[in-house]
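Visitor: Can you walk me through the charged pairs in this one?

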Amino acid sequence: MTSATHRTAEEIGRTARGPRPLPPLGEQRAAGDLSHVDTELSNGLRVLAVRKATVPMVEARLWIPFAGDDALHAATSEVLAETILTGTARRNRIEIDAELALIGGDIGAGVDPERLVLTGSALAEKLPTFLDVLGDVLTGATYADDEIAREKERLVERIAVSRTQPRTIAREALQKHRYGDHPATREVPRAEDVAVVTPEQVRALHQAAVLPRGAVLVLVGDIDPAAVVGELEKVLGGWASDRSAVRLPALPELTGPNVLLVPRAGAVQSQIRLSAQTVPRTDPGYAALQLANLAYGGYFSSRLVENIRENKGYTYSAHSGFEFTDGTAVVNVDADTATEATAPALLETRYELGRLGQVPPVGDELESVRQYAIGSLLTSTSSQSGLAGQVLALASTGLGLEWLNEHPARVAAVTASEVAEAALKYFAPQRFTGVVVGDAAVLEHKLLALGDVVVGEPA
């Protein structure tokens, strides 16, 4: 190949009259019609089984409400999540790992103040074996003393490191500022609490809280949804209780406008975290709110990113997005800045909030966020794993696959006036509370001068 016979990309992109124009975007394609079953087993477990035969695999997501108000609940929950797969009455840790490996599978566990989640996958033809292992873990996890001791030691080390990270410090400060001592704030347990958790406490928590009634199991893959439900009744029939899994108490509603400055002496960077109450996905105005958020800070071409990253260089990363907890929703705004840029960044962040309501997106800007909202949803659900995650997020708040299938049409139908109304109603600067974590010796007088800032206790 020589330059005489092949053109460069730059040459291909230009003509004698100048650069070639980009072709217009095509019509958005609707998501494929997915056959599925949405039902409840005899033990109270809600099951959503979805056929998506793109590859011969199946993705599994089990969501169990896992709230608790005991002082050691967060620590005990973390130990449980770390050790639930370390052995059962039928299989030890090695046997669990080996059996999953033979079916091209895996299972992992994670926990937060709201829920315990088990995530896994396997070859579709080996789904019965996968479900047998899952059922064994749910009904027969033993939490051996030596496994508890080993995982506690690792967990204590990880927590100690995590609690030194600025993002962890900022998240904890935001949670406490928003919700006080509500159980939702206990996202990272204290290392000293983990150290005193006993195997007996972990076993007791499993018995009391790992319950099917009120939980959701999502299966997505190369499966027959109706046949899978029958298999689940047999495999998970022994996982039963008259009690329901425990959901979080209702969160208090957020009000603005005070932002708390959390002193962190000597910090060279600051974390800006703002938050305001919005509406959940079930609200008729959610689609318009979603587009307003995208225009503000929800993707890379948003106003906030263009202002404080691209134009002014105050931050490398700025973003806004929704946080859903049970039946409620808030919109969060995040930015990490150098100390000297913190006050100007907060000023511009508030300015863009106000501008969104007064000068809402129209024309090309609105169509850009609309295309992004529809396209990103279709992209995120194009894989089995992505679809399973989306369905689980919806199912945990009582919604189903119908919402997912219908949402692109709702977004396409949103008008400019509806987006303007949502922007004015939900993005007014006075509605936002939050925290700024940084060096108060440098920041205090600058931030106080902006107004609606108070100084709190050190992080």
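**Salt bridges**

Guide: Let's start with Arg309, which makes a salt bridge (Lys or Arg side-chain nitrogen within 4 Å of an Asp or Glu carboxyl oxygen) with Glu310, their closest N and O atoms sitting 2.6 Å apart. This is a predicted model, where local features need pLDDT of at least 70, side-chain atom pairs count only at pLDDT 80 or more, and totals for chains, interfaces and linings use all residues. Numbering runs from 1 along each chain as its sequence is written, and side-chain values use heavy atoms, leaving out hydrogens and water.

Visitor: Is Arg309 buried, partly exposed or exposed?

Guide: Partly exposed, at 23% relative accessibility (buried is under 20%, exposed over 50%, partly exposed in between, with a 1.4 Å probe and protein chains only). Glu310 is partly exposed too, at 44%.

Visitor: OK, what does Glu147 pair with?

Guide: Arg150, with 2.7 Å between the closest N and O atoms. They're 3 residues apart in helix H5 (residues 145-162), so about one helical turn separates them. Helices (H or I, at least four residues) and strands (E, at least two) are DSSP runs numbered from the N terminus. Glu147 is buried at 10%, while Arg150 is partly exposed at 34%.

Visitor: And which residue meets Asp336?

Guide: That's Arg273, at 2.9 Å from N to O. Asp336 is in strand E12 and Arg273 in strand E10 (residues 269-277), so this pair ties together parts 63 residues apart in sequence.

Visitor: How accessible is Arg273?

Guide: Arg273 has 5% relative accessible area, so it's buried. Asp336 is buried as well, at 16%.

Visitor: Switching topic, which residues form a network?

Guide: Arg90, Arg91, Glu99, Asp132 and Asp136 are linked by salt bridges.

Visitor: How many salt bridges altogether?

Guide: The count is 31.
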